[in-house]
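Please keep the sequence and the 3D view at hand while reading.

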Amino acid sequence: MIRLVRLFAGPDGRSHVEESALRLDALGPDAATGWLTTTAARFQQSPPGSELSWHDAPRRQYVVTLTGTLEFTTRDGETFRLAPGDVLLAEDTTGGGHRWRLLDDQPWTRVYLQLP
């Protein structure tokens, strides 16, 4: 199971959080999702202690955390944490957005996968 956290703009125009899991099917001795269509990828790293104030997602994208533990907060006060191995589906491209801050002494290393 891979934890998936979705940030999206609801009918009220505000950012909201929904947690689920990516479905994995048997693939020989492994388990995998089907192939997902993406348009670009970028790796990025923020130093320990980093935070980013209120912002909307710049585009629909997956954000896969490789290192670091973060806390995200929406303007309505919904909070969640991301840890290594978690996948964020950022879809709140409007509506006031969210903020994040690193909680541990690790950098936040992640890969962005832009969605069509």
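Strand β12 gives the most to the lining of the largest pocket, with three residues. The model is a predicted one, in which local features need pLDDT of at least 70 and side-chain atom pairs count only at pLDDT 80 or more, while totals for chains, interfaces and linings use all residues. Residues are numbered from 1 along each chain as its sequence is written, and side-chain values use heavy atoms, with hydrogens and water left out. Strands here are DSSP runs of E with at least two residues, numbered from the N terminus.

The largest pocket has a volume of about 230 Å³, a volume being the space filled by probe spheres set on grid points that are joined across faces, edges and corners. A pocket is an open set of points on a 1 Å grid over the protein atoms alone, where a 1.4 Å probe fits, with protein on both sides within 12 Å along at least five of seven lines, and its lining residues have an atom within 4 Å of a point. Of the 18 residues that line the largest pocket, His55, Pro58, Gln61, Trp100 and Tyr112 lie nearest its centre. At least two lining residues come from each of β5, β6 (51–55), β7 (61–67), β10 (87–91), β11 (98–102) and β12. By class, this lining has ten nonpolar, four polar and four charged residues.

The second largest pocket, with a volume of about 170 Å³, is lined by residues including Ile2, Leu22, Tyr62 and Leu113. Its lining has seven nonpolar, two polar and no charged residues.

Turning to the sheet, six strands form an open sheet in the order β2-β1-β10-β7-β12-β5, with mixed pairing, where two strands pair if DSSP finds at least two bridges between them. The edge strands, each pairing on one side only, are β2 (15–22) and β5 (40–46). From one strand to the next, the twist averages 20°. β5 and strand β12 (residues 108–114) run antiparallel and are joined by seven bridges; within this pairing, arginine 42 has tyrosine 112 in β12 as its bridge partner.

Finally, glutamate 71 lies in strand β8 (residues 70–74). Is glutamate 71 buried or exposed? Glutamate 71 counts as buried because its relative accessibility is 17%, and buried means under 20% relative accessible area, exposed over 50% and partly exposed in between (1.4 Å probe, protein chains only). Not counting residues up to four places away in sequence, glutamate 71 touches Phe80, Arg81, Arg99, Trp100, Arg101 and Leu103, contact meaning heavy atoms within 4.5 Å.

Note on methods: Helix = DSSP H or I, 4+ residues; strand = E, 2+ residues; numbered from the N terminus. Axes fitted to C-alpha atoms, helices over the stretch in contact; angles between N-to-C directions. Nonpolar A, V, L, I, M, F, W, Y, C, P; charged D, E, K, R; others polar.
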